[in-house]
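Please open the structure in a viewer and keep the selection tool at hand.

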Amino acid sequence: MNKNEIYEINIEDISEEGLGIGHVNGMAVFVKDTVPGDVADIRIVKLKKSYAYGRLEEIITPSLDRVEPVCPVARRCGGCTLQHISYEAELGLKKNKVLNVLRRIGGIENPEDYLENVYGVCRTSSSDDVRQEFCPYRYRNKMQFPVGISDGKPVMGFYAGRTHDIIPIDDCHIGHEINKFIIEAVSSWIERCDISVYDENTGKGQLRHVLTRVGFKTGELMVCLVVNGKKITHVEELLDYLKSAVEEYKEHLIKCPDNSNDIDIKLTSVVYNINTKKTNKILGDETKVIYGSEYITDYIGDTRFEISAQSFYQVNPIQTEKLYGKALEYAGLTGDETVWDMYCGIGTISLFLAKKARKVYGVEIVPQAIEDARRNAEINELENVEFYVGKAEEVVPKWYEEMNDTIDVVVVDPPRKGCDEKLLETIVQINPKKMVYVSCDPATLSRDIKYLSEHGWKLNMYSVYDQFSRSMHVETVALLTT
Ligand code: SAH
C-alpha cells in the first residue's frame with residue numbers, strides 16, 4: 001500500500017470514532033464518511049505501521065444503510081459523525097458496540113439475553129412507548145457557536161474537524177430550531193452595528209462565542225454572548241434583533257408545525273460573559289445580565305432546575321429523563337431505602353431518587369456541581385438528600401467506616417473512565433441489595449462488570465439509550481445484584 005494512491009475497498013465495520021473500516025492487502029484502513037456495506041475508492045492519506053487512514057474519493061456501490069446527510073456541511077463540520085448513516089443503522093451499530101464489549105471485556109457469554117431495549121432519540125418523553133417515532137435531530141438544548149473571521153469577513157458557525165477554522169452555518173439540525181433565527185439575528189446585529197469579532201491570532205475583537213440554552217419543557221430561552229472585554233456595546237439593537245427572532249420563529253412554527261420543536265419560546269435571559277483570556281475555554285468567570293433573568297428554568301421529570309450560562313445541565317433532557325427514569329425503575333425503591341448516588345454531578349439522579357427513597361447521599365468531585373446540587377434540592381424542597389464534595393473512592397469508604405449504616409442501593413454514573421477500582425472494592429464490601437450503573441462508555445462498564453462478577457455480583461438486565469444521535473456516543477443503564 002502506498003500513500004496518496006487510490007484503492008477500492010469494502011467497508012466492513014465502523015470504529016469507536018465512527019470511521020468506516022476496510023482492508024487493503026490485509027491491512028486495516030480507517031475512512032471517514034463511509035458506512036459498513038459501502039464499496040468505495042479511497043485515497044491513502046496516512047500510513048502507519050499496522051494500519052492506515054484513507055479519504056473517501058468516490059462511492060462505487062453505496063451501503064443500504066447510507067442516507068443523504070440533512071446538513072450541507074455534515075462532512076466538514078467537527079460535530080456529527082454519522083449523518084450519512086440511517087438512524088436505524090446507527091442504533092444497530094450502537095447496540096452492537098455494547099453487546100461486543102460486554103462479551104469481549106465483560107466476559108458475558110450471551111449479552112443479548114439481558115438487554116431489555118434500545119431507546120432511540122424521540123421528540124416526546126413518554127417512556128413506555130418504545131415504538132414511538134424516532135427523530136435523531138433537534139434534541140440539543142445547548143449550542144455554542146464560535147464567532148470569528150474567515151476570508152476577512154465575520155462568521156458564526158462551528159469549527160471544522162480538528163481545527164479552529166469556522167465553517168459558517170445558518171442552522172444546526174441537532175440543535176433547537178430557534179437557533180436558526182438567533183444566528184440570523186446576531187449576524188445582522190454584527191453587520192448593522194459593526195460589532196468587531198474575535199481574532200484568535202491577535203486576541204483582538206469583541207465577540208467570541210454565542211451560547212444558547214432552551215428549556216425544552218418551559219420554552220425559556222437564554223442567549224449568552226461571550227465577549228473579549230468588560231463591556232458590550234449596542235445592547236438595545238441586540239435586544240431588538242433577538243426579540244424579532246423569537247417572533248419570527250413563532251410565525252415559522254405556525255407555517256411549518258411538523259418541522260419544529262413545537263414549544264412556545266420565551267426570551268427569558270440575555271446575558272454576556274466576560275472572557276479576555278487567550279484560551280480555548282469558551283466561558284470566563286463573570287456573567288452579567290442584559291435582559292431578564294440570569295437563569296432559565298427547566299424540568300427533568302418533575303424536578304425543577306435553574307440553569308445559568310455556566311451551570312452544567314444535561315444537553316438532551318428528553319432522553320435523560322427516560323434514562324434516569326429507567327435507573328429509578330431498576331433501583332426499585334419503596335420509600336424505606338438508603339441510597340448512594342456516586343458521581344452525582346448537579347444531583348439530577350439523586351433528586352429523582354430522593355422522591356422515592358428514605359435518604360439519598362450524593363458524592364461528586366467538582367465543588368461547583370455540589371453547590372448546584374444543594375441548590376437544586378432546595379428548589380425542589382427535598383430534605384432527605386445530602387451531598388459530599390470529594391472523590392467517591394475516598395468519601396464513601398470513610399463514610400461507611402464512620403457511620404456503619406446499611407446502604408440498600410448504590411447508583412453510579414461515572415465519567416468515561418468508569419469507576420475507580422477502590423470504589424468497586426468498597427461497594428463489594430458494603431454489599432448493597434442492588435447496584436444501578438449508568439454508563440457513558442460501554443467498554444469501562446464492561447470492565448467494571450467483569451470486576452464485580454469476580455466478586456459475587458451479576459448483571460441482571462440493562463437498557464441502551466441513545467442520547468447523542470449522529471455521534472458514536474452511547475449510554476447504558478444496568479442493574480446488578482448479588
Ligand atoms: N448524574 C450526573 C452526571 C454524572 S457525569 C448529573 O446528572 O449531573 C460524571 C460526574 O462524575 C461528573 O460530574 C464528574 O465531575 C464526576 N467525577 C469524576 N471523577 C469523580 C470521582 N473520582 N469522584 C466523584 N465524582 C467524580
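In which loop is the place of Lys48? Select the loop between β5 (39-47) and β6 (51-61), where Lys48 is located; helices (H or I, at least four residues) and strands (E, at least two) are DSSP runs, numbered from the N terminus. The model is predicted: local features need pLDDT of at least 70 and side-chain atom pairs pLDDT 80 or more, while totals for chains, interfaces and linings use all residues. Residues are numbered from 1 along each chain as its sequence is written, and side-chain values use heavy atoms, without hydrogens and water.

Patch members have over 30% relative accessible area and no salt bridge, and like charges are joined within 9 Å. A salt bridge is a side-chain nitrogen of Lys or Arg within 4 Å of a carboxyl oxygen of Asp or Glu.

Next, select Asp170, Glu184, Glu247, Glu248 and Glu251, a surface patch of negative charge. Helix α3 (residues 235-255) gives the most to the negative patch, with 3 residues, whereas Glu184 is found in helix α2 (residues 178-192).

Turn now to the aromatic rings. The model has 14 aromatic pairs, counted where ring centres of Phe, Tyr and Trp (its six-membered ring) lie within 6.5 Å; planes under 30 degrees apart are stacked, over 60 edge-to-face and the rest tilted. Phe30 and Tyr51 form an edge-to-face pair, 5.8 Å centre to centre with 90° between the planes. Finally, select Trp340, Tyr361, Tyr388 and Trp399, which form one aromatic cluster.

Key. Patch = residues over 30% accessible without salt bridge, like charges linked within 9 Å, V, L, I, M, F, W, Y side chains within 5 Å. Areas by Shrake-Rupley, 256 points an atom, 1.4 Å probe, with all protein chains shown as cover. Lys, Arg positive; Asp, Glu negative; His and termini not counted. Charge placed at Lys NZ, Arg CZ, Asp CG, Glu CD.
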